[in-house]
Amino acid sequence: MDEVITVSARRTFLQSFVVVLQLWFGAPTGYVATVGLAAFMAYLFYDAGSPWVTAVAGLAWVALMIPFVLAMQAWKITRWYHALGQPVFLFDADSATLKSGDMVTRIPWSGIKRVKLTGKTCFLYITPRLAWYFARNEVSKQDEVGILNFAQMANVRLVVREPM
């Protein structure tokens, strides 16, 4: 099969922030890390006179810092792609390829852990927490089915939700 599916992806700050948030909380480790950070910060804010103030201080720190850190990551992604150029994904029966500026990364389907389609985003997980992504509205329904077929032929795990 010589079919190649091409997807040009935009990178906006808001889209990148939502994706980073989904990646952070897309696995149980994100929740565990959040609780662990809250406990650690509560320990640092420990006040022997008021356990409630200690707990609230730890939770407040996490409630402020995690969105800030995720926003910084989204800003970094947006800035990086602004400098390199719009990412272009190429899919064929053998591999998935990402081109951005002069950089080209090709990964055989055997190197992709899973393909996850959420309501608005398509993720190709390289590791459990690292993923390539593009908006589902940037690809036709026929091409989306073609990408899923390529992944399925390579025995890549699929997680599919209908678009919102």
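Me: Which H3 residues do Thr34, Leu37, Ala38, Met41 and Ala42 in H2 meet?
Reply: The model is predicted; residues count from 1 along each chain as its sequence is written. Local features need pLDDT of at least 70, side-chain atom pairs 80 or more, while totals for chains, interfaces and linings use all residues; side-chain values use heavy atoms, without hydrogens or water. Contact means heavy atoms within 4.5 Å, and helices (H or I, at least four residues) and strands (E, at least two) are DSSP runs numbered from the N terminus. The H2 residues meet Thr54, Gly58, Leu59, Trp61, Val62 and Ile66.

Me: How many residues in the contact of H2 with H3 are nonpolar?
Reply: The contact has 3 polar and no charged residues. Gly counts as polar. The nonpolar residues number 8.

Me: Which orientation does H2 take to H3?
Reply: The axes of H2 (28-44) and H3 (51-84) come within 7 Å and cross at roughly 130°. Roughly parallel is under 35 degrees, roughly antiparallel over 145, roughly perpendicular 65 to 115 and the rest oblique. H2 is therefore oblique.

Me: How much space lies in the largest pocket?
Reply: A pocket is an open set of 1 Å grid points where a 1.4 Å probe fits, with protein on both sides within 12 Å along at least five of seven lines. Leu23, Gln73, Ile77, Leu130 and Ala131 lie nearest its centre. The space is about 470 Å³.

Me: Which element gives the most to the lining of the largest pocket?
Reply: Lining residues have an atom within 4 Å of a point, and there are 17. H1 (13-24), H3 and strand E7 (131-135) each give two or more. With 7 residues, the most comes from H3.

Definitions and conventions
Axes are lines fitted to C-alpha atoms, for helices over the stretch in contact, and angles run from 0 to 180 degrees between N-to-C directions. Grid points are joined across faces, edges and corners, and a volume is the space filled by probe spheres set on the points.
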